[in-house]
Amino acid sequence: MTLVAGTSACAGDDAADPADGGPGSSAAEGTDALEPEVTVDPGPAPVVDLIDAGEGERRVLAYAPSREPSVVAITRSANSRTEVPGAEPRTDDTPAQTLTVEGRSEPDVDGAQRATVTAREFTSVDELRNAQFSTAPGFTVTWTRSADGIVRELSLAAPSGATDAARAGVEITANAVSDATVAFPTEEIGVGARWTVTRRVDDAAAPTRVTTYELVDVDGDVATVRSSTTAPDPAGTLAAPAPDGGPGVTLDVESYEVTGSGELMVDLRAPVPVGGTTESSTRAVYVDPDSGRRTTYDEDSVLRFRSVD
């Protein structure tokens with residue numbers, strides 16, 4: 001996703017020193033006024049293809065306005081490791097961090113929904129991040145999505161006293177929720193239905209993701225959906241910056257594999273899934289065609305949703 005407005009300081013997961021001063025280091029507990037919204041471009045709309053309509057009673061599954069607010073805890077964790085010849089391996093870890101939000105979906109134009117949540121609490125098992133995340137309460141996130149679940153726009157509004165780490169953490173979680181949002185076929189479907197969602201992503205080696213969904217159960221407005229994700233047809237080469245900061249190099253892509261799986265409970269009247277987990281992994285090996293040296297990259301991430309009473 002691409003930031004298209006505003007100046008949100010969301011460069012990454014790395015936490016800054018909470019005592020570094022400046023406007024991003026206030027210890028306010030979400031009582032500050034909100035800054036103007038920052039809009040994020042979700043990229044091209046994905047393509048949804050129905051494979052099997054399923055069995056039994058069939059209906060069109062469409063997102064609808066909320067009857068009451070819902071509260072959901074969203075926990076994200078991730079780790080990555082890069083090994084480059086001649087350098088120490090680099091490891092980046094994001095310990096489990098939980099964003100607890102309250103929100104609802106409301107009607108928008110052309111049958112779309114505005115799914116808006118407000119951060120109640122943002123915590124981490126890491127003490128430093130936990131201190132920085134204490135400035136996140138009050139942060140609002142809005143997904144504008146079609147009735148079938150395709151996200152048209154993502155916008156964020158941060159409390160004026162939010163730290164850079166809190167801003168980055170909320171935006172990264174919001175983007176992960178966008179990716180996890182289930183898009184349904186516009187046709188009527190029943191239990192056992194299968195469909196694919198194909199979308200473009202910002203990945204030079206494999207810019208396409210294909211997620212296959214299966215409808216496991218439907219109980220009123222709550223659908224249980226199982227998913228698996230792949231990245232077909234990776235590129236044969238990848239342009240990369242040189243380790244020494246010199247001219248870029250072109251590497252051969254020896255292998256590139258992206259896998260994902262999950263099962264989510266989707267309340268069609270809630271702004272985010274109310275239960276379940278998604279997991280994703282990337283395994284990549286690049287080779288310098290001149291020297292034969294191999295660079296490896298491994299990444300794993302987990303996203304969990306839990307309804308809070």
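Predicted model: local features only at pLDDT ≥ 70, side-chain atom pairs only at ≥ 80, totals over all residues.
User: What makes T278 a buried residue?

Analyst: Buried means under 20% relative accessible area, exposed means over 50%, and partly exposed is in between (1.4 Å probe, protein chains only). T278 has 18% relative accessibility and therefore counts as buried. This residue lies in strand β16 (residues 275–287). Across the protein, buried residues make up 44% of the 309 residues.

User: Which residues does T278 touch, not counting residues up to four places away in sequence?

Analyst: Contact means heavy atoms within 4.5 Å. With residues up to four places away in sequence not counted, T278 touches S261, G262, L264, S301, V302 and L303. For the protein, residues 24 or more positions apart account for 65% of the contacts with a separation of 6 or more.

User: Why is R120 called partly exposed?

Analyst: R120 counts as partly exposed because its relative accessibility is 45%. R120 lies in strand β7. Leaving aside neighbours within four places in sequence, R120 is in contact with V71, T100, V101, E102 and P137. The C-alpha atoms of R120 and P137 are separated by 5.0 Å, although these residues are 17 apart along the chain.

User: How do you know that the span of helix α2 is close to the expected one?

Analyst: The expected span of a helix is 1.5 Å times one less than its number of residues. Helix α2 (residues 164–180) has 17 residues and reaches 24 Å from its first C-alpha to its last, close to the 24 Å expected. This helix is mostly covered, with 14 of its 17 residues buried.

User: What makes F122 and F133 a stacked pair?

Analyst: Rings of Phe, Tyr and Trp (its six-membered ring) pair if their centres lie within 6.5 Å; planes under 30 degrees apart count as stacked, over 60 as edge-to-face and the rest as tilted. By this rule there are four aromatic pairs. The ring centres of F122 and F133 are 4.0 Å apart and their planes stand at 5°, so this pair is stacked. F122 lies in strand β7 (residues 113–124) and F133 in helix α1 (residues 127–133), so the pair ties together parts that are 11 residues apart in sequence. Both F122 and F133 are buried.

User: How do you know that W195 and Y213 form a stacked pair?

Analyst: W195 and Y213 are 5.6 Å apart centre to centre, with 25° between the planes, and the pair is stacked. W195 lies in strand β11 (residues 194–200) and Y213 in strand β12 (residues 208–219), so this pair ties together parts that are 18 residues apart in sequence. W195 counts as buried because its relative accessibility is 0%, and Y213 is buried at a relative accessible area of 7%. Ring pairs link Y63, F184, W195 and Y213 into a cluster.

User: What makes R145 a charge over the face of Y63?

Analyst: A charge sits over a ring if NZ of Lys or CZ of Arg is within 6 Å of the ring centre and within 35 degrees of the ring normal. R145 lies over the face of Y63, at 4.1 Å from the ring centre.

User: How do you know that β11 and β12 pair, and how many bridges join them?

Analyst: Two strands pair if DSSP finds at least two bridges between them. Seven bridges join β11 to β12, and these strands run antiparallel. Within this pairing, T196 stands opposite T212 in β12.

User: What pairing does β12 make with strand β13?

Analyst: β12 and strand β13 (residues 222–230) pair in the antiparallel sense over nine bridges. V210 stands opposite T230 in β13. The hairpin of β12 and β13 has two residues between the strands, and there G220 takes a positive phi near 65°.

Technical notes: Residues numbered from 1 in each chain as written. Heavy atoms only, no water. Helix = DSSP H or I, 4+ residues; strand = E, 2+ residues; numbered from the N terminus.
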